[in-house]
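Thanks for coming. Please have a look at it before I go on.

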Amino acid sequence: MSGWPETFGDVTGEYASAHEGAGFVGGVHSLSWAVGRDAVSFLQGILSQDIESMTPGEVARSFLLQPRGKLEALLWVLRAEDRVGLVADADHRDATIEALSRWRLRVDVEFVADPREMFDVWGPAPASLAVGGGWRDEGGVLVAGVPAEPLRCRLVAGLDSAELQSRGMRPIGRQVATTLRIETGEPRIGIDVDGRTIPQETGLVAQAVSFDKGCFLGQELAARIDSRGRVNRNLRGVRVLEPVIPPVGARVTLPGKAVGSLTSVGESLAVRAPVALALIRREAPPGTRVAVSWDGATVEAVIEELPLIGDRLTS
């Protein structure tokens, strides 16, 4: 996202367009294709999602795990008849493909970067971008619907910024895009989660992992944690109870104990408060009042379940 503006000069208007109309942001995701006779079977043995059970036109979330079971990449998988689309964080696409390619031994599969720029489109989009929960690639335009409840999000490639605006969509800056991610509980690799993160800490295992499909890379740790049923940290929302926006990295503490630090920070008009994502230790479950501290400043906050918007907020 480094080349995308922080704001287009009207944060309130940008935020409203994403909630009530359609707002788009570039540079968040990029698309690659796994092609070749063994593309599906190869990914079936590597990724956490059940690729073989997906039907053409289906979208699913998946993890790419390290051999020891911690996160390598967060992915959206687009299943086609003869190829598989892999939507990764744009800043980590090359690293993701490199990690996948390490296991490409005596198989007919190649990874090809899609040259089209991909945009995240938040909010109720025009009928021309309607795809439900699936994806399509027609006339050079790819549209994929991804769950980001209770908001809606689509991934669009093959239309440039001017064409999106001509269809009634508005560009939104990184500031608003980050807030939308926080509200819906969507982590970014390298920011909110990283190579030290256990899959269950993300809260996304139910969507991203199939424990019935057979072996996949990193399965042992994921299955062991799933059977044990508990991790020491969880991705949570943090709602600040004062009109002060803390910085990324601010410490989250209980009396005498650190329980996490803020990884993404924004200001939510729907929640009417500064909000953040953080991996929080289980000693501070949702509803816990905490202190958020940085550079001599301290504000009070409360730990929340994700997503933040909807009816989940504690009093």
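The largest cavity has a lining of 25 residues, and V28, H29, W76, E186 and P187 are the ones nearest its centre. Before I go further, a word on what you are looking at. This is a predicted model, in which local features need pLDDT of at least 70 and side-chain atom pairs count only at pLDDT 80 or more, while totals for chains, interfaces and linings use all residues. Residues are numbered from 1 along each chain as its sequence is written, and side-chain values use heavy atoms, with hydrogens and water left out.

Back to the cavity. The search runs on a 1 Å grid over the protein atoms alone: a cavity is a set of points where a 1.4 Å probe fits but cannot get out, a pocket is an open set with protein on both sides within 12 Å along at least five of seven lines, and lining residues have an atom within 4 Å of a point. Grid points are joined across faces, edges and corners, and a volume is the space filled by probe spheres set on the points. By this rule there are 3 cavities of 30 Å³ or more. The largest cavity has a volume of about 300 Å³. Two or more residues of its lining come from each of β4 (71-79), β5, β7, β9 (141-148), β10 (151-157) and α5. Those labels are DSSP runs numbered from the N terminus, helices being H or I with at least four residues and strands E with at least two.

E186, one of the residues nearest the cavity centre, has a polar contact of 2.8 Å, side chain to side chain, with R61. A polar contact is a pair of N or O atoms within 3.5 Å; within protein, one must be able to donate a hydrogen and the other to accept it, and residues adjacent in sequence count only if both atoms are side-chain atoms. The side chain of R61 also makes a polar contact, at 3.0 Å, with that of Q207. R61 lies in strand β3 (residues 59-65). Is R61 buried or exposed? R61 counts as buried because its relative accessibility is 8%; the cut-offs are under 20% relative accessible area for buried, over 50% for exposed, and partly exposed in between, with a 1.4 Å probe and protein chains only.

Now the open side. The largest pocket has a volume of about 460 Å³. It is lined by 25 residues, and E6, R174, Q175, T178 and V265 are closest to its centre. At least two lining residues come from each of α1 (11-20), α5 (174-184) and β14 (257-268), and α5 gives the largest share, 6 residues. The pocket lining divides into 9 nonpolar, 9 polar and 7 charged.

Next, the aromatic rings. Rings of Phe, Tyr and Trp (its six-membered ring) pair if their centres lie within 6.5 Å; planes under 30 degrees apart are stacked, over 60 edge-to-face, and the rest tilted. The count is 6 aromatic pairs. One of them is F24 with F119, edge-to-face, at 5.5 Å centre to centre and 90° between the planes. F24 is in strand β1 (residues 23-26) and F119 in strand β7 (residues 118-122), 95 residues apart, so the pair links distant parts of the chain. Both F24 and F119 are buried. With W4 and F8, they form one aromatic cluster.

Last, the backbone. Most residues other than glycine have a negative phi, and most peptide bonds are trans. R106 has a positive phi, near 55°, and sits in the loop between α3 (93-101) and β6 (110-113). Its relative accessible area is 86%, so R106 is exposed. The peptide bond between L306 and P307 is cis, with omega about 0°. P307 is in the segment after β17 (297-304).

Definitions and conventions:
Ala, Val, Leu, Ile, Met, Phe, Trp, Tyr, Cys and Pro count as nonpolar, Asp, Glu, Lys and Arg as charged, and the others, Gly among them, as polar.
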